[in-house]
Amino acid sequence: MTVKKDYPRLSLQNSNSHLHSVHSEIKQLPVKVLQIGEGNFLRGFADWMIYESAVKGAFKGTVAVTQPRRKGREKLLTIREQDGLYTLLTRGIVNGTAVEKASIIPILSRTIDPYEEWQDFLQLAVSPELDIIISNTTEAGLTYLETRYEEGVPIDSFPGKLTVFLHERYTHYSGSKESGLLILPCELVDRNGDVLKKYVLQHSIDFGFSDSFRDWVQQDNRFLNNLVDRIVTGAPSEEEAAVLTERFGYEDKLMTLAEPYHLWAIEGEPELDDRFPLVQAGLNIHWTTDLKPFQLRKVRLLNGSHTLMTPIAILKGQTFVRETMEDSELGAFVREAAEKEIIPALDLPEEEMQSYIKEVWDRFLNPYINHKLTDIMLGSISKFKVRLLPTMLESINRNGVLPERIVTSFSALLRLYRAEQTESGYVSSTFGGEKVILRDEERLLASLAQYWSKYSGANMNEVVAEILADEHIWGQNLNLISGLRDQVAENLNKWEKEERA
Ligand SMILES: NC(=O)c1ccc[n+]([C@@H]2O[C@H](COP(=O)([O-])OP(=O)(O)OC[C@H]3O[C@@H](n4cnc5c(N)ncnc54)[C@H](O)[C@@H]3O)[C@@H](O)[C@H]2O)c1
Ligand SMILES: O=P(O)(O)OC[C@@H](O)[C@@H](O)[C@H](O)[C@H](O)CO
């Protein structure tokens, strides 16, 4: 379906008069948050939360958005074109009832392109109102790359930019305690706050900043380890966007779809809610002294189930998480893997795990969210290492046997990465022969394609042994896991035979 007539773009001018006054009121609040990351997730998660808090009068500030890499400029310009407004469409089943809520969120009051407006970016650092920094740059953005700093020249990397930003603030306020910020990196990286702090300190050495700057960074700024949980699928499909445009009467290039469920666990004392009022705004926030249980539960069970289903479901021709869960064979496979293999390998209260996983299945079955398996597939190798491999190892440790379903998923992952390099990238195929373009680190794609190129049709065990031995891929030699190679080769041989039949 295509949009039949021209609709105006969402902007301050084109929102109705009541909304317009709410928007203008909120937009006049000072910028208290710097957001590094122009992606979908933050719009459907932290920005929405900050808006909820602002609309309830608890948080008296707005957000300035900046992109962490040159590539993000286009999205930043779209935010600018829409005066920072976007529609958040929250859809799902809550306590058995379908809920749907569409809100125009006016919390983004400013955009700064650090590559074109470096001085404006640094100017924000000295704002007395600024108090919080949030980021989401994916795991790929939260990395350290040794960099040189030349005054006036924008830094490419996210931690590098943040270091210069903080130094600007430190210098302006002569390192006063009060000028320290709350910093919440939302990347799904274990102890994300500690990691970001470490990179900032490393960069501060590269850039020749003083020891007293480093003292200020460590003592007066809070890098808060945190864990985010909400399924945000981003933009609707073209068809759905057309339907929504007609329904809303405006075109929104930033329309964001999310589920109603949300949880933000932040390692910090509950008093921080006075500074960043989220609990006060009625949101599902846990200020906690121990993030570990939240992290393990979510990464192993929810993300683990996503990562487990993705290769096998793609190979079998599925497109979305929901249809995978609805498929009798695949749905049972995923449920049994979580219940019989993932949960028993965790040292967390059984009852809590059972209730969490029940909620996860409802979220995966959300009839209003089309969560694409190919989106989850991005970077599958590193996701397998963090989200499933620890379960495999722990399971063997506890029971002495290989967890059958995780091994099947791992075998499917290797089959999915049997790709050929083409002009469009590394292309694999489903069991039915449909093309799949893989998205992962070039070196991983290249290595796996190389190993598979040695497959003659009769040497599966050897090829698998070579792949499993590659510590640059897995961080360890997986051949040391007793029986794994044979089981994986057996699965791959079986699929190969079925494909040929
Ligand atoms: N979408 C969800 O449901 C969800 C839920 C929880 C956590 N997350 C986290 O969000 C990430 C995906 O974000 P999204 O859904 O907003 O996707 P997105 O593609 O809309 O945004 C990705 C963001 O990361 C930045 N980025 C990507 N690669 C980068 C790099 N190499 N260096 C610096 N910045 C880089 C982009 O500029 C952009 O700001 C995941 O990696 C995950 O950690 C997503
Ligand atoms: O976002 P990724 O690509 O790291 O992982 C894919 C999904 O598992 C993830 O987006 C979940 O839906 C999300 O983490 C739920 O909070």
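**Entry 1: the β15 pair.** I began with strand β15 (residues 425-429), which pairs with β16 in the antiparallel sense over three bridges. Strands here are DSSP runs of E, at least two residues, and helices are runs of H or I, at least four, numbered from the N terminus. Two strands pair if DSSP finds at least two bridges between them.

**Notes on the model.** The model is predicted: local features need pLDDT of at least 70, side-chain atom pairs count only at pLDDT 80 or more, and totals for chains, interfaces and linings use all residues. Residues are numbered from 1 along each chain as its sequence is written, chains are lettered from A and ligands numbered from 1 in the order written, and side-chain values use heavy atoms, without hydrogens and water.

**Entry 2: the sheet around β15.** I found an open, antiparallel sheet of three strands, ordered β14-β15-β16. β14 (420-422) and β16 (435-437) each have a single partner strand, so one side of each lacks a neighbour in the sheet.

**Entry 3: the four-strand sheet.** I then traced an open sheet with mixed pairing, in the order β4-β3-β11-β10. Its edge strands are β4 (97-105) and β10 (232-234). I checked β3 (residues 86-94): three bridges join it to β11 (residues 256-258), and the two run parallel. Leu89 has Leu257 as its bridge partner in β11.

**Entry 4: a helix on the sheet.** I saw helix α10 (residues 238-248) pack on this sheet, touching β3, β4 and β11. Contact means heavy atoms within 4.5 Å.

Note on methods
Axes fitted to C-alpha atoms, helices over the stretch in contact; angles between N-to-C directions.
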